[in-house]
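Please open the model in your viewer and keep the selection tool at hand. The stops below take you from one selection to the next.

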Amino acid sequence: MKKITTLAGYIFLATLISCQDNLLETTPYGQVTSQQYWRNGDDVVAATNAIYAPLLNEDGFAHTEYTFDNCSDDMNRAGDHADETALEMFTFDPSNSHILATWSTKYEVISRANAVLINAPKVDMDETLRNRSMGEAYFLRGFVYWRLSLIYGEVPILLEEDALNQTYNKPKSSLAEVRAQAEADFQKAATMLPVTYEATEAGRATQGAAYGFLAKLYVYQENWAKAIEASAKVTSNAAYKLATGFNQNFELVTENNTETLFSLQYETGWTADNSPAYYHTPQTFGGWGFHEPIQDLVNEFEEGDPRKAYSIFSPGDKVERGSLGETEFTADMTRVTGFAFRKYSQFTPTGDMDQSLNAPFLRSADVYLLAAEAKIRSGQSGDAEINAVRKRAGVKEITGATMKDIMHERRVELAGENERHQDLMRWDKAGLIDIAAHYKIARGPYKPSRNFVKPKHYYFPLPQREVDLSDGVLIQNSNY
């Protein structure tokens, strides 16, 4: 989206779509869009570009999404925001600011996607471009419903008909219905999106992104046959092959490589100081130093696994910072734990933190490991898929991989990428671990024993503000 987030997109953003304060005050774009808009293909593309924009907000994905993974056994919140402490310690309530902020931002994406799906079919434009734009809208709407289902579980489903009829104050749909909507949107997207794009269009959703998220959704549903089928659309396609080096996924010059199925695209000067780079990079290097890995995660890496050095700043590491030369990383450069996530830190030629580094939200490596898990849990061998990831990393291949191997591999391969807490919860629901006992273990001074209550903490509460505004229509999640 470095190419997507253009001046035209921001003009469209400012003039056509005002920011939604809450679910109940959404502008009915399908009915009141200016007659001067939706004139041609350029307007449709600009409107499609604008769907991506809220994802870049700190309340969309740049920061708030990572606060939900602070719950995991991988990291400490490290920041100075009280509401993040509550999330990490499982003492949050429905008034938590992050729980409200990410809800509003995600429904803004849905609103913009619905506007494109309503209006794009009516425009006289190139059919290929129309299909691509609608495919992006379906994908982004499905992506947000997927994330909403993980965070809140049951949420209202708002589609094109709701926008046209201004029916925004709707009750929750069941978890199965929300995920069915995400599935349907991903399936439509997969039929409309291209396999790849020219470099000038880097960052747009592809078929691979749609199939990759379908594979993830099916693994969560324990639908192994469909998970294997969807994942094969990625793992068997050379267009989505693993990058030659693990580190290439987290370096500016190679960040939009074949392995990057979907990532948030940042660009200095366009996307303000709200990127994951700001939140993860230590203050000494120009960031804010939140979301710090703990020793327990560092210890998980096997001896000699190069992913550790590419993923985490550890004391004694040498950090190249352009004209500032080499800096030795020390524990006192962090707020709390003595470690920082290196994945989100790059530097300009003058040595400043570079905000242009993208944030991956789905990589082919993730899909390979999902495929391996689906095969193992359905009685098949997942060795080929897990070893593709391990071989690329430069660590010893294994024979007869088990779920214990999958749990380890996902933790080190995807460290800091907003997967760990959700992985642990789904493995608990499957009876593979006991998450309450797991989180009860004290993992050093920066990750004390915590009280995870089942089933209450499988999902976060709905924002109390939205429940109150609904006048009894929106019912709070149980146990809150």
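Bear in mind throughout that this is a predicted model. Begin by selecting histidine 421, which sits in helix α19, residues 420-429. Its relative accessible area is 1%, so under the 20% cut-off this residue counts as buried. If you display its surroundings and set aside the neighbours within four places in sequence, you will find histidine 421 in contact with Phe68, Asp69, Cys71, Ser72, Phe90, Tyr439 and Phe452.

Next, move to asparagine 418, in the loop between α18 and α19. Its phi is near 70°, a positive value in a residue other than glycine, and at 4% relative accessibility asparagine 418 also counts as buried. Then extend the selection to helix α18 itself, residues 403-413, which is largely enclosed by the rest of the structure because nine of its 11 residues are buried. Among the buried residues of α18 are Met403, Ile406, Met407 and Val412, but also His408, Glu409, Arg410, Arg411 and Glu413.

Now turn to the nonpolar interior. In soluble globular proteins, nonpolar side chains tend to be buried together. Here the largest nonpolar core has 117 residues, and Leu55, Phe139, Phe143 and Phe262 are those with the most contacts inside it. Helix α8, residues 127-151, gives the most to this core, with 12 residues. Centre the view on phenylalanine 143, which, leaving aside neighbours within four places in sequence, is in contact with Leu55, Phe61, Phe186, Phe213, Phe262 and Phe361. Another core, of seven residues, lies apart from the largest one, and Phe285, Phe313, Met333 and Phe347 are among its members.

To see where they meet, select Gly41, Val44, Val45, Thr48, Ile51 and Tyr52 of α3 together with Leu129, Arg132, Ser133, Glu136, Ala137 and Leu140 of α8. By class, this contact between α3 and α8 has seven nonpolar, three polar and two charged residues.

For another helix pair, select α12, residues 224-235, and α16, residues 364-377, which pack at an angle of about 150° with their axes 9 Å apart. This angle makes α12 roughly antiparallel to α16, and α12 passes α16 in a left-handed crossing. On the α12 side the contact uses Trp224, Ala227, Ile228, Ser231, Val234 and Thr235, which meet Ser364, Val367, Tyr368, Ala371, Ala374, Lys375 and Arg377 of α16. Eight nonpolar, three polar and two charged residues make up this contact of α12 with α16.

The last stops concern the backbone. Most residues other than glycine have a negative phi, and most peptide bonds are trans. Select tryptophan 38, in the loop between α2 (29-32) and α3, and note a phi near 55°, a positive value in a residue other than glycine. With a relative accessible area of 12%, tryptophan 38 is buried. Finally, go to the loop between α20 (435-440) and α21 (464-469), where proline 455 is placed, and inspect the peptide bond from lysine 454 to proline 455, which is cis, with omega near 0°.

Note on methods:
Residues are numbered from 1 along each chain as its sequence is written. This is a predicted model: local features need pLDDT of at least 70, side-chain atom pairs count only at pLDDT 80 or more; totals for chains, interfaces and linings use all residues. Side-chain values use heavy atoms; hydrogens and water are left out. Buried means under 20% relative accessible area, exposed over 50%, partly exposed in between (1.4 Å probe, protein chains only). Helices (H or I, at least four residues) and strands (E, at least two) are DSSP runs, numbered from the N terminus. A nonpolar core is a set of buried Ala, Val, Leu, Ile, Met, Phe, Trp, Tyr and Cys residues joined through side-chain atoms within 4.5 Å. Contact means heavy atoms within 4.5 Å. Axes are lines fitted to C-alpha atoms, for helices over the stretch in contact, and angles run from 0 to 180 degrees between N-to-C directions. Angles under 35 degrees count as roughly parallel, over 145 as roughly antiparallel, 65 to 115 as roughly perpendicular and the rest as oblique. A crossing is left-handed if the near helix is turned anticlockwise from the far one by less than a right angle, and right-handed if clockwise. Ala, Val, Leu, Ile, Met, Phe, Trp, Tyr, Cys and Pro count as nonpolar, Asp, Glu, Lys and Arg as charged, and the others, Gly among them, as polar.
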